[in-house]
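Here is a short report on a multi-chain model.

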There are 4 protein chains.
Amino acid sequence: MAAAAELEKQAVHVGGEELPFVDIGDGNKLKVLQVKPGEGLWIVENIFQAGYEVQTHRHTGPVWGYTTSGAWKYKEYEYVNRAGSFLYEPAGSIHTLQCVEDATHVWFHMYGANINLDENGEVASVVDGSIALQGYLALCEAQGFGRPNVLVG
Amino acid sequence: MAAAAELEKQAVHVGGEELPFVDIGDGNKLKVLQVKPGEGLWIVENIFQAGYEVQTHRHTGPVWGYTTSGAWKYKEYEYVNRAGSFLYEPAGSIHTLQCVEDATHVWFHMYGANINLDENGEVASVVDGSIALQGYLALCEAQGFGRPNVLVG
Amino acid sequence: MAAAAELEKQAVHVGGEELPFVDIGDGNKLKVLQVKPGEGLWIVENIFQAGYEVQTHRHTGPVWGYTTSGAWKYKEYEYVNRAGSFLYEPAGSIHTLQCVEDATHVWFHMYGANINLDENGEVASVVDGSIALQGYLALCEAQGFGRPNVLVG
Amino acid sequence: MAAAAELEKQAVHVGGEELPFVDIGDGNKLKVLQVKPGEGLWIVENIFQAGYEVQTHRHTGPVWGYTTSGAWKYKEYEYVNRAGSFLYEPAGSIHTLQCVEDATHVWFHMYGANINLDENGEVASVVDGSIALQGYLALCEAQGFGRPNVLVG
């Protein structure tokens, strides 16, 4: 039956080497694995180098971080994410990412947007999965990786 | 077993008269039914009067609208929401609510935040479930309704 | 830019008369509004008549019920859902729906599956959005409504 | 303001050594990191040994797998999950996990339940986050790990 076929669902595998990491400056890297724009879902993998810092932001949905190498932390907390660390960030949480060691690998599984905040806690900008995807695709092209097959939809 | 008891889950009913509507200006009203801050979930019921308008905003998560009386629309679309209308707003959608008839009742089932936009499409402010809840609780107290038992958590 | 266009998102309105209600027996009716098979989301509208009963089931995801007319309850609880009632059913909740008054209208906004349970609490069957959609489409055709434009995907 | 404090949200870190792995037979291991029973969310980490097999099951919500070492596959597909692999399993997908190499580490980020299927594709049993948590806590106690501090709620 047509409806059954339409609804048939397959698990999708993306091997570690299938999608390129693009350079986002100073040897820090980004790979966008999956974006469901209508759900607000975006899943990325980053490689950070020591000293890399992400602007303070508040999340509008829950976020999870899975770290597989290196070391990074939030300026607001003492704990350090290392290989094997699990991090849960509820919607509404605010923090400033700082990378502590080179070659830090993290998967971020995110819902909603990052509301970037300036020094006074005012909204400076908003970044979401669609924006991240467009940036990733543009950098892939600019850096000679062509058009990667990100899971979108 | 203790764990089983902790995990036992009950359906929670909120009757139509259980929580107050607060006046948010000009006879327009708000009731906050449920907020899960960590999920970014917020569910409200509004009563709008003809001419009421909500600032243009973009959603960071999906939203659904269930209309039970009156008439309202988005300035960007032709269709009009009336009793029985179902509305699905994917994350990333942008629109400007306008109420067309008095006594328009709508349930909004929302994930994420409203990114309010100014005339140039720049971010003017951000509203989410926690902010809506705080406003609702403050108005309940100011308008003599005490502390209502919103589902939170 | 192509990527931007792909990601452009529009709110989708389904007017109260746009999709048919199919008869599921004894004057009880079903309309399927939206199914996102990969998310486990299904949103339906039911019209129940007094005496209608749904097999006891446990939900694997959260569910919300928005009632607009009539009266219905869960056998396990005292409260009665009437026009204006809001109902939150966490994942894991178990209950047996009973309709109390004719012409009871309810929107159910559901994630996951209904695990139907027999008299001993054992799994009897599983119903989810894809199964509901296939049943709805088959009944639409059998009852002369053609192929309705349910939001799927 | 009290409401603000109630809603303040903190990111929660679980270091790789903080929660124990319990033995679930033949050197295969399980750690339960987070369960939100009302959302149907459960996040676990497994260590599988070559030859381990999980009963064929269908998911009622979406699932993601993040592999950090070893090798495993689904009997139904050719691809092999290795260190760095990302796997997306939409709700409704059906598969049979087989571990190919010893010391295979995977994080599974899951919504909904596993509907375990027998050889005829009939429902054999249902496993969800609450059941997994109870099993994990019982094994922790039986294996001398006391009561671990799983994120629940």
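## Strand pairing between chains

A:V12 stands opposite D:Y88, a residue of β9(D). The strand on the chain A side is β1 (residues 12-14), joined to β9(D) by three bridges in an antiparallel run. Strands here are DSSP runs (E, at least two residues), numbered from the N terminus. Two of them pair if DSSP finds at least two bridges between them.

This is a predicted model: local features need pLDDT of at least 70, side-chain atom pairs count only at pLDDT 80 or more, and totals for chains, interfaces and linings use all residues. Residues are numbered from 1 along each chain as its sequence is written, chains are lettered from A and ligands numbered from 1 in the order in which they are written, and side-chain values use heavy atoms, with hydrogens and water left out.

## The D–A interface

Chain D gives 37 residues to the contact, and chain A gives 37 residues. Contact means heavy atoms within 4.5 Å. The buried area is about 3,000 Å², with 62% from carbon and sulfur atoms. Buried area is the accessible area (1.4 Å probe) that two parts lose on being put together, summed over both.

Between chain D and chain A, 20 residue pairs are in polar contact, both residues at pLDDT 80 or more. A polar contact is a pair of N or O atoms within 3.5 Å; within protein, one must be able to donate a hydrogen and the other to accept it, and residues adjacent in sequence count only if both atoms are side-chain atoms. The elements of chain D that give two or more residues to this side include β1 (12-14), β3 (28-36) and β9 (86-89).

## Salt bridges

Over all chains, the count is 19. A salt bridge is a side-chain nitrogen of Lys or Arg within 4 Å of a carboxyl oxygen of Asp or Glu.

C:K36 forms one with A:E39, the closest N and O atoms being 3.0 Å apart. C:K36 lies in strand β3 (residues 28-36) of chain C, and A:E39 in the loop between β3 (28-36) and β4 (41-48) of chain A.

## A sheet within chain A

Four strands of chain A form an open antiparallel sheet, in the order β10-β5-β13-β14. Its edge strands are β10 (94-95) and β14 (123-127), each pairing on one side only. Four bridges join β13 (residues 114-117) to β14(A). There, A:L117 stands opposite A:V123.

## Confidence

The complex has an ipTM of 0.94 and a pTM of 0.96 from the predictor. Chain A has a mean pLDDT of 94, and 95% of its residues reach 70 or more. pLDDT is the predictor's confidence in each residue, from 0 to 100.

Residues 1-7 of chain A stay under 50. Where pLDDT is low, the predicted coordinates should not be read in detail.
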